Amino acid sequence: MNGHDRQWSLNRHNFEGRWCGTSQWHLRGEGPAGQLDLHHPSRTIEGTTYAISFSDADTGLWDGSGLLFAPGGRRQLPLTRQGYNQGGQCWQFSGAGGQSSLRVDPAQPRFGHEINLFHGRSRSMLVLLWGQTEAGIWRLEAVGAVPFRCGLSPNPEPARPGLSAAALLEQPRGWPGQLERLAPGAWPDHDPTPQACERFDPQAFACHPLTAAFADGLVCSVPEQLPGGAFALQVGCLLSPQQFTQVSLHFDSQQQLSRWELRRFAPEPLAESLKPAT
């Protein structure tokens, strides 16, 4: 199995299912202040559904409804092994995956990321979208959070309690963790062995003034305005009272994505069995 095929296999393992949830969107206001309220969603869409199915090992279908940005709220996309990830924007770990803008590109209307963190048959999704102002400043314009549960599962994951960002990040303080890395275009043909990493530090996660919590235990710390040089985006989720997963996206001084980092934290001795089976 080559690296492309391993990413395709992880994509199928992570995403196959009928994912249903209520999407909550925080959209920058149209008024003079142009504020982005991350405490109260400006748009809520009941019954958002991403149905992802595969007819064979090489072919599938993505069928979405209750979508904010698609005409009529619906969209379908064919999935094929051959065509998967031709632009290199999709990334997969076991139990985490999504898609990312690979660089801050003034020729593009948006700089965006979709991060999905899985636990059992739950899928916690956070979408982050920046747009350019007339002055050429990249400003966070939209944040979407969806607590998906798989409708095909006889035992769906229970709802998670809402917590403030400070309370959520305090819970895993000091937990040991394991680290995995991916670099754009450098797809390994097997899952690398996780390495021990630093214990969880809430202050290290909350590296930006804009640090906020959302539904399903999701939390992020990101710049409201993108800086001119290197920066990092932090997204995490308290998947259970004893598991916190963090995705870090690192951009270099040329504002190109250099790597994705996945950290899984759990209290001892649970840290030995963090990685989901594939």
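# Pockets, sheets and turns

Tutor: By class, the lining of the largest pocket comes to 21 nonpolar, 18 polar and six charged residues. Ala, Val, Leu, Ile, Met, Phe, Trp, Tyr, Cys and Pro count as nonpolar, Asp, Glu, Lys and Arg as charged, and the others, Gly among them, as polar. Keep in mind that this is a predicted model, where local features need pLDDT of at least 70, side-chain atom pairs count only at pLDDT 80 or more, and totals for chains, interfaces and linings use all residues. Residues are numbered from 1 along each chain as its sequence is written, and side-chain values use heavy atoms, with hydrogens and water left out.

Student: What volume does the largest pocket have, and which residues are closest to its centre?

Tutor: The volume is about 1400 Å³ (the space filled by probe spheres set on grid points, which are joined across faces, edges and corners). Of the 45 residues lining the pocket, Trp62, Arg75, Leu77, Gln99 and Glu114 are the closest to its centre. Helix H1 (3-15) supplies at least two lining residues, and so does each of several strands, including S1 (17-27), S2 (43-56), S7 (110-119) and S8 (122-132). Helices (H or I, at least four residues) and strands (E, at least two) are DSSP runs, numbered from the N terminus.

Student: What makes one space a pocket and another a cavity?

Tutor: It's about getting out: on a 1 Å grid over the protein atoms alone, a cavity is a set of points where a 1.4 Å probe fits but cannot get out, while a pocket is an open set with protein on both sides within 12 Å along at least five of seven lines; lining residues have an atom within 4 Å of a point. One cavity of 30 Å³ or more turns up in this structure, and the largest cavity holds about 70 Å³ of space.

Student: Which residues line the largest cavity, and which element gives the largest share?

Tutor: The lining is Arg6, Gln7, Leu10, Gln92, Phe93, Ser94, Glu180, Leu182, Pro188, Asp191 and Pro192. H1, S5 and strand S10 (177-182) give two or more residues each, and H1 has the largest share with three. Sorted by class, that's five nonpolar, three polar and three charged residues.

Student: What is the strand order in the seven-stranded sheet?

Tutor: That open sheet runs S11-S10-S16-S15-S14-S13-S12, again with antiparallel pairing. Strands S11 (195-197) and S12 (211-213) are at the edges, each pairing on one side only. From one strand to the next, the twist averages 25°. S12 and S13 (218-221) pair over three bridges, and Cys220 is the bridge partner of Ala212. On its other pairing, S13 meets strand S14 (231-240) over four bridges, where Val219 partners Gly236.

Student: What makes Asp216 count as buried?

Tutor: Its relative accessibility is 6%, so Asp216 falls into the buried class (under 20% relative accessible area; exposed is over 50%, partly exposed in between, with a 1.4 Å probe and protein chains only). Asp216 belongs to the hairpin of S12 and S13, with four residues between the strands, and takes a positive phi near 70°.

Student: And what about Asn85: buried or exposed?

Tutor: At 14%, Asn85 counts as buried too. Asn85 is in the loop between S4 and S5, and its phi is near 60°, positive in a residue other than glycine.

Student: How do you know that Trp260 is buried?

Tutor: Its relative accessible area is 0%, so Trp260 is buried. Trp260 lies in strand S16 (257-265).

How values were computed:
Two strands pair if DSSP finds at least two bridges between them. Axes are lines fitted to C-alpha atoms, for helices over the stretch in contact, and angles run from 0 to 180 degrees between N-to-C directions.
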